[in-house]
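I opened this entry to look at how the two chains meet. My notes follow the display.

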Number of protein chains: 2
Amino acid sequence: MDSNRTPRITDVDVVDVRFPTSRELDGSDAMNPDPDYSAAYVVLRTDADRGPDGPLEGHAFAFTIGRGNEVQTAAVAALREHVVGLSVDAVCADPGTVSRTLNGDSQLRWLGPEKGVMHMAVGAVVNAVWDLAARRAGKPVWKLLADAEPEWLADQVDYRYIEDTLSRADAVALLRTGKEGSAGREAHLRSHGYPAYTTSPGWLGHSDQKLVRLAKQAVADGFTQIKLKVGADLADDVRRLRTARAAVGPDVRIAVDANQRWNIGEAIDWTNALAESDPYWIEEPTSPDDILGHAAVRRAVAPVKVATGEHVHNRVVFKQLLQAEAIDVLQIDAARVGGVNENLAILLLAAAFGVPVCPHAGGVGLCELVRHLAMFDFVALSGTTDDRVIEYVDHLHEHFEDPAVVSDGRYTAPTMPGFSSRMRPETISTYRYPDGSFWAADLTGQGKDTRI
Amino acid sequence: MDSNRTPRITDVDVVDVRFPTSRELDGSDAMNPDPDYSAAYVVLRTDADRGPDGPLEGHAFAFTIGRGNEVQTAAVAALREHVVGLSVDAVCADPGTVSRTLNGDSQLRWLGPEKGVMHMAVGAVVNAVWDLAARRAGKPVWKLLADAEPEWLADQVDYRYIEDTLSRADAVALLRTGKEGSAGREAHLRSHGYPAYTTSPGWLGHSDQKLVRLAKQAVADGFTQIKLKVGADLADDVRRLRTARAAVGPDVRIAVDANQRWNIGEAIDWTNALAESDPYWIEEPTSPDDILGHAAVRRAVAPVKVATGEHVHNRVVFKQLLQAEAIDVLQIDAARVGGVNENLAILLLAAAFGVPVCPHAGGVGLCELVRHLAMFDFVALSGTTDDRVIEYVDHLHEHFEDPAVVSDGRYTAPTMPGFSSRMRPETISTYRYPDGSFWAADLTGQGKDTRI
């Protein structure tokens, strides 16, 4: 190879990958009865030298729950022209330029701005750039972030629309403080991991018997917090929460999650009716867009905490949730907003307001990604895991090359370079929709057409 | 034909239509320098009896500004399965059921919820249903709405997430009051039309000379309000606004529009710097998601009014803009939210708060659609046009079968049945992307590939 050649991103592949999860009951909640966890999976190809693991590539994905994954895939493809031809050195040195370019396309911006399908597509491409950069640096993303200089990290953030609350100078100050003592916290993270909580006991589809069994198992497995889905039927929820509380005892936290099911009045009444069993937080009590509504719920249900974030579409809404004192717990999602850069902005906002971050995970691949962000936050930003837990759901991890590992109720720190975002090749060839081997056989066998 | 047969929606066509508007300067603002006005155009086909104008169909579209229109088109196609096979009688009798079904698809909901590409797709299909229903009723949409019973109209609204502010009973009460005297207002509308304002003088790409000429022409044409785009350069804006003010005199209102260009501090400083020339409102001073930011701007720039809405993605955000006293002027858009049903909710919220609605229009087809909503509001809801004007931009109307007509500064009330949403067949065959006759010749001639 010509040593003077500048390695470049040569192509962007996008694959529609779907898992038939709706055929089991796991994953059911009051708003999402039958999700087929899916990914609009993106691969940035380069002509950089092959490393020990093959050609240098960046992988990531947008997460969806089935129908419409083809729309999400089309949205990622619409970004292709902004990425092909970019210098690998340049994007690795400054992923923020890619983030700004993608968010700055004035025609595509009309489709949001910075929300919905188009913004999740930006997030997928930006996260793939971070996977590429971390692989090239030979570090997991959490470590790449934790090792970075505060000034460089601060430059990764787009302050547009949040500068009234968080300036670059504020960010640098927070990151400098966050660096103090980071070596000790990194060592602690590597030896002890990061606290997790589990949603596996609490899906709506479970019988009370299964709920009790899984809740007890969760405590035996070392979890100090579990979560129950609520919102379909109040009497059922009162009984299920009592049942769970009896199973785990008074010292294990039980979060409840309504998945946006309620109006404001319902949210308040329902949560207060559950209060007898001491729920720790009520999650997504209403529309993720309703900042003032969350604030009203929070005032009315204290001391039960209010948590939200998995559907909060960008840093501007998170800024206001904090300004309005609408949430006690901020739940980032790795694949909803515009990727690592915007999540860095959100972590900085949370740190500025002193609100704990408890990431949303589950689905497919969300546990794999989001642990990197929480671990960076612990090592080099907030500096604490007090009242912080990462959601854990025990499914679909086997499809990843660097799967999430939870042991004794704690996420292990990943050590492989990259963002843990790569699916195994055989997973993609099996679950690619509609022509992967699983779907081809399934759709043929059932006489369905492939139209979704 | 079997007279017992139930007519049904037999198919949904979606067409990617793009106009090469970026090749002229019209349409340029601080955020959107080169829009190619486009439509993800939807046709609901039926097997109902042919009327005098041909087969009964429903037409509408989502509006975009170019790149990504293929994503928007894919989003409309994803809704197809919910619509094909529905009874024409049933959807015409209750478009709200279609609206609820489309918004209620739990898997597609993940892609929003109720925002961005997927929500605009819902809006396009719902608006096509209203076109179908109005054609079948032999009335323009504004008249169909104005003639409807308050209880039926109230049932067209989804109160989820707004019930804390607007209940069904509130809606019925507002609509009953709105009915009083509606016959007189309808007669007035038919003879006098509805006030318009024009943005044509104020695009950023215009020279000062062109600005003066077009501003004077607007006044001569009967407009009592014009609008200037601002936000690229403060000194330029101060000069342009002075120039426009000198051209039109003190009695013509001049709105200014920043198209989301600013942070909060900038918005306040910039607007206050323009205050010497008495701007009527500042439009989109910052992110459309920033409810609290708009409220802060409003407090700091009074008596200049704050207007927003063309990018506000649903009723939940409008509810909060009103609750937070963040806006003086609410700007609905016919093709951003979930169609007529959600715009009915937004008009009701505005009426409940007593905030005037001044619809956003322009682009392609937005003037054609949105006049129906404002005219219904005048005849049968707010009952007034005081401080209310519909935006008018004089381009691309020739592509519609029932084009917007503005005369002496006022929109004429449309009389043709339907939503005025149908493009001429020759427009579609010319501007279909990438294979319509214009694009095929253009893309071949310039040796471009067809990838966007």
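**Interface of chains A and B**

I counted eight salt bridges between chain B and chain A, taking a salt bridge as a side-chain nitrogen of Lys or Arg within 4 Å of a carboxyl oxygen of Asp or Glu. One of them joins the side chains of Asp290(B) and Lys319(A), at 2.6 Å, N to O.

The model is predicted: local features need pLDDT of at least 70, side-chain atom pairs count only at pLDDT 80 or more, and totals for chains, interfaces and linings use all residues. Residues are numbered from 1 along each chain as its sequence is written, chains are lettered from A and ligands numbered from 1 in the order written, and side-chain values use heavy atoms, without hydrogens and water.

Next I looked up the contacts (heavy atoms within 4.5 Å). I found 65 residues of chain B in contact with 65 residues of chain A. The copies meet through the same surface, because 100% of the interface residues of chain B are also interface residues in chain A.

Then I took the buried area, the accessible area (1.4 Å probe) that two parts lose on being put together, summed over both. Chains B and A bury about 5400 Å² between them, 54% of it on carbon and sulfur atoms. Arg67(B), Gln107(B) and Trp110(B) supply 17% of the area that chain B buries against chain A, more than any other three residues.
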